[in-house]
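Colleague: Could you walk me through this model, starting with the strands and ending with the interface?

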Amino acid sequence: MALLRCRGLRKEFAGNIVLDRLDLTVAEHQVVALIGASGSGKSTLLRCVNLLEELDDGTIELDGEDISDPRVDPDRVRRRIGMVFQAYNLFPHLSVLENITLAPRRVHRRARAEAEAQARELLDRVGLGAKADAYPDRLSGGQQQRVAIVRALANSPRLMLLDEVTSALDPELVGEVLAMIRDLKADGMTMVLATHEMGFARDVADEVCFLDAGRVVESGPPEQVLGEPTQPRTRQFLRRIIEAGRL
Amino acid sequence: MTLLEHTPSPAQLRRSAYRRRQTVYSVLVAASSTAALGTLLVVAVTGAPGWDRVRRSFLDPEIAVDALPAVLSGLWLNVRLLVCCAAGALLLGLVIAVLRTLRGPIFFPVRALAASYTYTFRGLPLIIVLYLLTLGVPGLRLQGTPPVLVLGGLALVLTYGGYLAEVFRAGIESVHPSQLAAARSLGLTYRQTMRHVVLPQAVRRVAPPLLNDVVALQKDVGLVSLAGPIDAVRAAQIATAQSFNYTPYVVAGVLFVLLAIPLIAVTDWVTLRAARRQSGG
């Protein structure tokens with residue numbers, strides 16, 4: 001059954017069409033990678049799904065519920081979706097532990113001890129147990145991004161949205177974040193990730209969608225979309241990526 | 001330990017010697033220029049034709065000692081008033097700033113009121129607010145009108161609340177939208193986002209300008225004496241009227257500066273800490 005179903009999404013910014021009749025379906029436990037040039041609409045799509053942007057047309061269904069209905073409480077929807085940003089967006093005035101337990105305690109009304117125990121367990125699992133009491137500015141970029149992923153996971157989301165989560169990282173730190181996402185996939189997490197890491201998309205995604213000018217131009221299994229693309233625009237994009245040495 | 005030992009090269013030794021000589025030279029230059037300027041000032045002031053008269057009427061040690069107890073007890077009123085007014089103005093400013101960020105049509109009147117408050121009281125001279133409250137309000141002859149001191153304090157809180165509200169608002173607006181996006185995407189409501197994510201960062205960021213306004217408030221607290229209460233300035237005025245000598249004003253002035261020094265020191269320390277934090281220290 002489809003966990004997420006987007007139909008005919010349209011979004012414009014000041015006359016600029018960013019999403020144009022875009023369709024996307026994500027099944028439960030499926031990992032979908034969104035690829036495409038900057039400005040192709042990947043980030044906007046993720047922000048629309050998380051109701052951070054208002055749609056200009058189309059519908060988004062999560063678990064069969066139309067979440068694009070303006071009568072839906074966006075806070076309730078976001079509790080079921082975890083989002084991780086390119087720039088980590090950790091709260092600088094809170095320690096790692098406080099960053100992670102903020103939503104469980106304030107949104108889900110869990111007891112402090114319970115929320116902290118869960119946070120420490122998640123941190124231990126990704127090898128950051130020793131950093132629980134540190135502040136974000138004491139962590140490397142890769143560590144910050146892993147904390148941001150843990151923070152999203154602490155809400156036990158149905159769906160994770162990852163917006164170019166390795167783009168701001170030094171190359172030698174990318175691996176630790178990708179390994180964590182791989183573990184999430186093994187645990188059965190449903191994920192939609194916008195990425196420039198083609199090798200990783202091929203590795204981890206069940207389906208790759210190539211976006212261009214706000215539309216899904218081509219989608220399918222990674223071997224097909226990245227290996228034998230049928231659309232000229234996909235081929236052109238991949239050729240540029242290969243020339244840049246990124247595939 | 002032997003591993004850490006390092007024999008400087010001759011070039012490094014020459015450089016170190018040169019830098020030491022430069023340091024000695026700098027200290028000597030600073031000391032002599034300070035001495036020259038100080039001498040010049042002393043000669044200019046004490047050499048002035050009216051110096052003896054001025055010294056007698058402004059710097060009389062006997063009169064200073066006599067006036068000190070009265071001025072000090074007046075200053076105690078300033079201190080108490082400062083603490084209450086600073087707390088009140090900070091609270092009012094924060095509330096007004098938060099009200100101005102509320103969204104949604106139902107809050108329109110609240111937003112409009114909060115905005116007109118900051119416009120009005122930042123434009124209105126403190127002295128006029130003071131007269132309106134301390135002379136106008138008792139004039140209404142209502143039951144339970146608070147004493148003049150409370151009304152004067154209220155005038156200070158209203159005036160400074162307007163400034164502090166704008167400082168708080170600047171802080172709230174300086175928190176990057178990505179922080180809001182992160183908080184909202186975790187499912188926090190707007191109010192929770194303000195309370196746990198935006199305000200803590202905003203207040204930290206604007207702590208130096210807030211404290212600076214409190215230092216300014218410390219001086220303006222003396223203006224309530226215009227309405228009658230005997231604070232340090234008024235006590236000095238009374239002493240002056242008795243002795244026909246202005247020394248009590250100088251005493252009050254020195255005490256005000258002494259009172260401000262710790263506050264200013266705290267402000268500088270907070271500013272320095274904020275700057276260090278900004279640079280990723």
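Modeller: Happy to. In S4 of chain A, A:Thr59 is the bridge partner of A:Arg7. Strands here are DSSP runs of E of at least two residues, and helices are runs of H or I of at least four, numbered from the N terminus. This is a predicted model, where local features need pLDDT of at least 70 and side-chain atom pairs count only at pLDDT 80 or more, while totals for chains, interfaces and linings use all residues. Residues are numbered from 1 along each chain as its sequence is written, chains are lettered from A and ligands numbered from 1 in the order in which they are written, and side-chain values use heavy atoms, with hydrogens and water left out.

Colleague: Which strands are at the edges of the open sheet of four strands in chain A?

Modeller: Two strands pair if DSSP finds at least two bridges between them. The pairing in this sheet is antiparallel, in the order S2-S1-S4-S5, and five bridges join S1 (2-13) to S4 (57-62). The strands that pair on one side only are S2 (16-27) and S5 (65-66) of chain A.

Colleague: At about what angle does helix H9 of chain A run to S9(A)?

Modeller: Axes are lines fitted to C-alpha atoms, for helices over the stretch in contact, and angles run from 0 to 180 degrees between N-to-C directions. S9 (207-212) pairs with S10 of chain A in the antiparallel sense over five bridges, with A:Val208 opposite A:Gly220. Helix H9 (232-243) lies across S3, S9 and S10 of chain A, and its angle to S9(A) is about 95 degrees.

Colleague: How much area do chain B and chain A bury between them?

Modeller: Contact means heavy atoms within 4.5 Å, and 18 residues of chain B are in contact with 24 of chain A. Buried area is the accessible area (1.4 Å probe) that two parts lose on being put together, summed over both. With 58% of it on carbon and sulfur atoms, the buried area is about 1800 Å².

Colleague: Which residue of chain A forms a salt bridge with B:Arg184?

Modeller: The rule asks for a side-chain nitrogen of Lys or Arg within 4 Å of a carboxyl oxygen of Asp or Glu. It finds one salt bridge across this interface. The closest N and O atoms are 3.1 Å apart, and the partner of B:Arg184 is A:Asp75.
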